[in-house]
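Here is a short note for someone opening this entry for the first time. Please read it with the model on screen.

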Amino acid sequence: MSLNAESTAFRSALEVIRAVEPRVADAIGAELADQRESLKLIASENYASPATLLAMGNWFSDKYAEGTVGRRFYAGCQNVDTVEALAAEHARELFGAAHAYVQPHSGIDANLVAFWAILADRVESPALKKAQVRQVNDLTEADWFALRRELGNQRMLGMSLDAGGHLTHGFRPNISGKMFDQRSYGTDPATGLIDYDKVAEAAREFKPLILVAGYSAYPRKVNFRIMREIAESVGATFMVDMAHFAGLVAGKVFTGDFDPVPHAHIVTTTTHKSLRGPRGGMVLCGPELADQVDRGCPMVLGGPLPHVMAAKAVALAEARRPDFADYAQRIVDNAQALAEGLLRRGTKLVTGGTDNHLVLLDISGYGLTGRQAEQALLDSGIVTNRNAVPQDPNGAWYTSGIRIGTPALTTRGLGTAEMDQTAELIHTVLSQTSPRSNADGTPSKAKYVLDAALADKVSKQASDLLTGFPLYPAVDLA
Ligand code: PLP
């Protein structure tokens with residue numbers, strides 16, 4: 001696609017939007033400018049291709065399409081069928097899965113679809129059968145009580161939040177924590193790594209219905225073969241949430257024991273993180289769970305988002321190209337270069353390094369909380385997020401950690417040399433920031449002191465680092 005086609009497409013779109021609500025057009029333009037200038041190290045973010053973005057901005061958004069391909073509750077879904085079938089086909093081929101369900105609107109939705117599919121598969125529940133043949137809205141209160149009684153208190157074993165697990169794996173602030181009786185496995189305090197013997201022990205004691213693997217802040221590979229064996233040994237269904245590292249699976253960086261698809265009964269993912277697609281979710285499974293998974297709408301999802309499924313089809317087609325494997329490998333090379341650069345400068349890293357796309361800094365050595373570090377870095381043009389580290393003394397709000405990831409900068413084309421420079425910028429900011437005291441003299445966990453001139457200097461260096469790697473180079477809105 002030529003430069004002119006992409007620029008023309010986005011310029012025209014903004015012109016049309018500007019005629020109705022100019023402030024929205026301005027905000028869209030400002031967002032591109034901001035993203036172009038910042039050193040984005042958020043491990044869960046990326047930059048989708050112009051083709052993926054454009055596939056979302058159209059009349060597919062107007063269509064209702066409850067049901068599945070060829071079996072809809074609405075008329076006129078032939079074109080939605082085309083894109084949904086394409087997205088599913090690309091997903092099956094890319095990941096080597098027997099079945100792909102591409103309707104989930106997000107990662108949390110994909111997990112809910114998977115949980116309900118597993119419950120329906122594993123738990124004998126007449127009320128659930130009734131729920132599935134009728135529209136959920138038609139259920140009486142008595143039906144809902146029966147459903148809760150029959151399905152309630154099932155057990156889930158997942159990775160603990162402070163070891164890097166995700167809220168949707170049975171933690172209280174999320175509905176999964178209310179649906180399940182949850183227990184979690186952590187990491188070895190000395191190494192920061194998953195201790196599979198301990199997971200097996202917890203599984204033997206707790207006897208979960210579902211064993212969940214997957215994380216949002218664990219910087220290492222997980223051995224899914226061993227996890228499956230543990231699940232088998234206690235009769236649990238093994239689910240992997242690969243939301244964070246789906247791009248590394250797609251790009252064949254994670255293979256063998258580290259590829260979840262051949263080992264798990266069911267795999268969920270987001271499509272917008274390392275996979276570099278539109279915001280959304282997806283479920284992969286074998287034929288045994290396929291029927292239940294396909295009931296995601298209306299069980300837990302509203303009508304599918306056909307425009308996003310179209311964009312998923314485009315992004316998955318991109319991920320099937322040979323250059324995506326190169327991209328995935330560069331994500332990991334960059335994360336390792338960043339980790340090495342930080343270690344060389346004395347930064348403490350959880351597990352001492354990384355073998356995926358993310359690095360978890362334990363910034364207690366700088367005398368800062370994650371909250372202070374996150375804000376000081378942001379003042380300096382470096383976008384990260386704070387994250388708890390295992391056994392974090394500062395809890396989940398202030399934290400002692402900063403999580404950084406390389407999918408986005410790798411999309412822009414930055415390489416290992418730039419990662420070393422990035423490590424230098426991060427270290428400079430953190431070592432020059434100090435905590436500020438509260439009015440009563442006690443140390444604040446939020447306030448900090450950072451020389452404004454230094455923050456400006458680092459911001460300038462960060463933006464200089466990016467000049468050779470323009471974001472959306474073919475898109476000129478000027
Ligand atoms: N699962 C994991 C492991 C995640 O890291 C996330 C997002 O951070 C989710 C699920 C939820 O994804 P979404 O924000 O699309 O609902």
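How much area is buried between domain 1 and domain 2?

1. The area buried between domain 1 and domain 2 is about 1200 Å². Carbon and sulfur atoms give 58% of that area. Buried area here is the accessible area (1.4 Å probe) that two parts lose on being put together, summed over both. Ala217, Pro219 and Arg220 supply 46% of what domain 1 buries against domain 2, more than any other three residues.

2. A word on the basis. This is a predicted model, in which local features need pLDDT of at least 70, side-chain atom pairs count only at pLDDT 80 or more, and totals for chains, interfaces and linings use all residues. Residues are numbered from 1 along each chain as its sequence is written, and side-chain values use heavy atoms, with hydrogens and water left out.

3. Domain 1 covers 59-105 + 112-151 + 213-319, and domain 2 covers 330-466. These bounds come from an automatic or database domain assignment. The domain centres, taken over C-alpha atoms, are 34 Å apart.

4. At the interface, 14 residues of domain 1 contact 16 residues of domain 2; contact means heavy atoms within 4.5 Å.

5. Between the domains there is 1 salt bridge (a side-chain nitrogen of Lys or Arg within 4 Å of a carboxyl oxygen of Asp or Glu). Look at Arg220 again: its side chain forms a salt bridge with that of Asp355, at 3.3 Å, N to O.

6. Now the ligand. Around the ligand are 13 residues, each with a heavy atom within 4 Å of it. Gly107, Ile108, Asp241, His244 and Lys273 come nearest.

7. Which ligand atom is 2.8 Å from a polar backbone atom of Gly107? It is an oxygen atom. A backbone N or O atom of Ile108 lies 2.9 Å from a ligand oxygen. For His166, a polar side-chain atom lies 3.4 Å from an oxygen of the ligand.

Note on methods: A polar contact is a pair of N or O atoms within 3.5 Å; within protein, one must be able to donate a hydrogen and the other to accept it, and residues adjacent in sequence count only if both atoms are side-chain atoms.
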